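I opened this notebook to record what I looked up, one item after another. The sequence and the structure come before my entries.

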Amino acid sequence: MAVKKVALACTVCGSRNYTISENNQRTERLEVKKFCKHCGKHTLHKETR
Ligand SMILES: [Zn+2]
């Protein structure tokens, strides 16, 4: 069974700072506040496909 990987990209600068593994069914898009080293602060990160 393959584990799906989802990248989280900063909505401010667009860098993909985090990769998470996803193993359950999910329909809504993930939005998480995480630290972006490029922006130097916490920004909203969204999943990319
Ligand atoms: Zn950023």
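Which residue in E4 does Val 32 stand opposite? I looked along E4 and found that Val 32 stands opposite His 45.

Before going further I noted that I am reading a predicted model, in which local features need pLDDT of at least 70 and side-chain atom pairs count only at pLDDT 80 or more, while totals for chains, interfaces and linings use all residues. I also noted that residues are numbered from 1 along each chain as its sequence is written.

Along the sequence, the pattern reads β-β-β-β.

Entry on the sheet. I found that the 4 strands form an open sheet in the order E2-E1-E4-E3, with antiparallel pairing (two strands pair if DSSP finds at least two bridges between them). E2 and E3 are the edge strands, each of which pairs on one side only. On average, neighbouring strands of this sheet are turned by 40° against each other, direction ignored, where the axes are lines fitted to C-alpha atoms and angles run from 0 to 180 degrees between N-to-C directions.

Entry on the pairs. Strand E1 (residues 4-10) is joined to E2 by 6 bridges and runs antiparallel to E2; Val 6 has Ile 20 as its bridge partner in E2. The hairpin of E1 and E2 has 5 residues between the strands, and Gly 14 takes a positive phi near 90° there. I then looked at E3 and strand E4 (residues 41-48), which run antiparallel and are joined by 6 bridges.

Entry on burial. Of the 49 residues, 8% count as buried (20 or more other C-beta atoms within 10 Å of a residue's own, these atoms being placed from the backbone). Strand E2 (residues 16-22) is hardly covered, since the count of buried residues among its 7 residues is 0.

Entry on Cys 36. Why does Cys 36 count as buried? Cys 36, which I placed in strand E3 (residues 31-36), counts as buried because 22 C-beta neighbours lie inside 10 Å. Leaving aside neighbours within four places in sequence, Cys 36 is in contact (C-beta atoms, placed from the backbone, within 7 Å) with residues including Cys 10, Cys 13 and Thr 43. From Cys 36 to Thr 11 I read 25 residues in sequence and 9.8 Å in space, C-alpha to C-alpha.

Technical notes
Buried ≥ 20, exposed ≤ 12 C-beta atoms within 10 Å, placed from the backbone. Contact = placed C-beta atoms within 7 Å.
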